[in-house]
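Please look through the sequence and the structure shown below before reading on.

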Amino acid sequence: MDDVSDRLTTALRSLIRGQEFSEIPDIAVYDDVSDQWDKGYRQELEGVIRDGNLGPRHTEIVDYPKNDIAVRPLARFSAPDRLVYDAMVFDIAPELDASRNSSVYSYRWNHRASKPIFWKTSWTRMRREAKAEILRNWNYKVASLDVSSFYEHIDIGLLSDDLSMVVRDEMAVKRITMFLKKFQTINSAWGLPQGSDASGILANIYLAPVDEFLQRNGFPFFRYSDDVMIFDEEWNSLRDVLIEVNRIFRSKRLSMSAHKTGILEFAEVMQDLLSAQKSSIDQAVRHGDPEAERDVRTFFDKVIDADRVGATDLKFALNKLRAVSDDYAVGWCLKNLRYVAYASREIFAYFAECGHRQPTIQRGLEEFMDSQESISYPYIEQRVLRYFVHLGIQSEKMKSAAWTIMEDRNREEFPREFAVRYLGGVASASEAQLLRHKFESEASIAMRRALLIALYESEKLARRYLRDVWYSLPDLRWTCNYLAGNPKIPTS
């Protein structure tokens with residue numbers, strides 16, 4: 001590898017920076033990893049890569065909501081596995097990005113800074129360039145398409161072949177291929193693991209034949225991952241292009257998404273790209289227009305009054321209400337939390353801005369956690385618990401819900417970890433003793449890490465016991481070293 005130490009450090013910075021936008025944030029924002037990084041943690045991962053002992057040891061597949069019904073499988077790796085995977089991909093990322101067609105904007109590599117470019121920057125630029133392209137020719141029609149479950153249906157063997165055509169370091173390709181094959185072998189998942197910028201960088205090259213075909217035949221186009229826009233004046237010409245692109249998809253074991261593929265007229269494309277009302281609201285908020293709050297409320301009302309709430313528009317409205325510090329949507333969000341779980345990240349960021357409504361928000365969240373429905377929404381449970389941890393809210397109702405979640409081993413680990421973190425902050429002496437018992441009987445290393453952190457925050461973690469854990473459980477020694485330094489553990 002070019003410089004495994006630097007790539008691992010880039011991977012760590014990317015992982016920590018991404019916690020703000022992560023669908024499944026870590027209970028301690030990986031502060032234990034960061035603290036121990038230069039004290040042996042990085043060197044241990046360097047050895048893992050050099051020795052070729054690759055492949056995720058533990059992966060949790062999380063069904064994260066895309067809308068009110070559909071989900072996408074996120075792969076939740078342990079910190080060491082995630083860092084190794086990202087570092088290996090970042091090592092070949094400059095070569096992959098150098099071969100990227102200039103009309104492809106997804107998951108780009110910053111060659112000067114040697115790190116990934118934040119996804120939203122590239123997405124915004126693609127939309128701006130697409131708008132400029134269609135305004136150059138008002139006769140354009142646009143074929144819009146994407147792939148059904150793109151990441152899940154990427155064939156690792158074909159991807160490995162693609163990488164070998166671009167990357168000079170054969171061993172680097174073999175390492176990544178080995179990791180991905182083990183990922184598929186030990187999990188109820190296939191294709192590329194979702195949830196990492198590294199996967200996005202690999203995915204870019206998989207559709208390179210589509211980019212080459214479109215460029216060679218003179219079609220202006222823009223692509224972000226599997227979301228493609230193709231421009232031409234003739235409807236039949238675009239139809240023929242879609243048929244050929246679909247043939248290329250089939251050769252890559254992919255299929256075109258029927259309900260997301262179509263040929264749009266100029267006015268339809270402009271309506272989508274310009275979104276005049278949203279653009280106007282955005283500018284008003286940015287410039288502190290006194291009418292901005294009214295405009296955002298009007299837009300929010302329009303979104304929730306529709307027959308089906310649009311995910312993108314709802315997230316936009318919540319972000320703008322947060323930007324103008326308006327609590328207008330608090331009641332609606334609490335009432336409809338389970339129906340709009342896909343907007344959990346935006347909702348809880350909004351709640352955090354509405355601090356003066358904290359008693360109302362607390363009651364609403366307690367009612368949700370006390371209901372029988374919360375078990376169906378682990379991603380909301382996690383956000384609720386994180387909210388209470390972050391604000392240090394003492395609540396008997398939340399404590400009861402946290403014990404229920406923590407003790408249910410049939411639940412996903414990520415809400416259980418935050419349940420444990422909450423319990424650590426509110427535990428009595430006898431409850432701390434019970435948490436220690438749970439630690440000793442728990443098989444999962446991720447849950448043991450959470451329980452160890454909880455014992456520390458309960459102020460009932462004896463130094464002697466911490467040393468015993470260090471000697472007995474090698475996978476936790478870095479967390480033990482971290483806790484021995486008496487840190488204040490962050491939540492975001």
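Lys399 counts as buried, at 11% relative accessibility, where buried means under 20% relative accessible area, exposed over 50% and partly exposed in between, computed with a 1.4 Å probe on protein chains only. Its partner in a salt bridge is Glu396, with the closest N and O atoms 3.9 Å apart; the term salt bridge stands for a side-chain nitrogen of Lys or Arg within 4 Å of a carboxyl oxygen of Asp or Glu. Glu396, by contrast, is exposed, with a relative accessible area of 61%. Both residues belong to helix H19 (residues 396-407), and because they are 3 residues apart there, about one helical turn separates them. Helices (H or I, at least four residues) and strands (E, at least two) are DSSP runs, numbered from the N terminus.

This is a predicted model, in which local features need pLDDT of at least 70 and side-chain atom pairs count only at pLDDT 80 or more, while totals for chains, interfaces and linings use all residues. Residues are numbered from 1 along each chain as its sequence is written, and side-chain values use heavy atoms, with hydrogens and water left out.

By the salt-bridge rule, the count comes to 41. Which partner does Arg136 have in a salt bridge? It is Glu133, and the closest N and O atoms of the two are 2.7 Å apart. Here Arg136 is exposed, with a relative accessible area of 58%, whereas Glu133 is buried, with a relative accessible area of 11%. Another salt bridge brings together the side chains of Asp475 and Arg57, at 3.8 Å from N to O. This pair links distant parts of the chain, 418 residues apart: Asp475 sits in the loop between helix H23 (463-472) and helix H24 (477-483), and Arg57 in the loop between helix H3 (41-51) and strand S1 (59-65). Asp475 is partly exposed, with a relative accessible area of 48%, while Arg57 is exposed, with a relative accessible area of 58%.

Helix H3 also holds Gly47, which counts as partly exposed at 23% relative accessibility. The C-alpha atoms of Gly47 and Val4 are separated by 9.7 Å, although the two residues are 43 residues apart along the chain.

Leaving out residues up to four places away in sequence, Glu417 touches Ile27, Arg76, Ala446, Met447 and Ala450, where contact means heavy atoms within 4.5 Å.

From here the text turns to the nonpolar cores. In soluble globular proteins, nonpolar side chains tend to be buried together. A nonpolar core is here a set of buried Ala, Val, Leu, Ile, Met, Phe, Trp, Tyr and Cys residues joined through side-chain atoms within 4.5 Å. The largest one has 81 residues, and Phe351 and Leu365 are those with the most contacts inside it. Helix H22 (residues 445-457) gives the largest share of this core, 8 residues. Apart from this core lies another, of 68 residues, among them Leu12, Val33, Leu45 and Ile248. Beyond its neighbours within four places in sequence, Phe351 is in contact with Val330, Cys333, Leu334, Ile361, Leu365 and Tyr387.

On a 1 Å grid over the protein atoms alone, a cavity is a set of points where a 1.4 Å probe fits but cannot get out, and a pocket is an open set with protein on both sides within 12 Å along at least five of seven lines; lining residues have an atom within 4 Å of a point. Grid points are joined across faces, edges and corners, and a volume is the space filled by probe spheres set on the points.

The structure holds 1 cavity of 30 Å³ or more, and about 50 Å³ of space lies in the largest cavity. Its lining includes Ile61, Tyr151, Phe183 and Trp190, and strand S2 (residues 71-77) supplies the largest share, 3 residues.

The second largest pocket has a volume of about 780 Å³. Its lining has 34 residues, of which Arg57, Ser78, Ala79, Pro80 and Ile445 lie nearest its centre.
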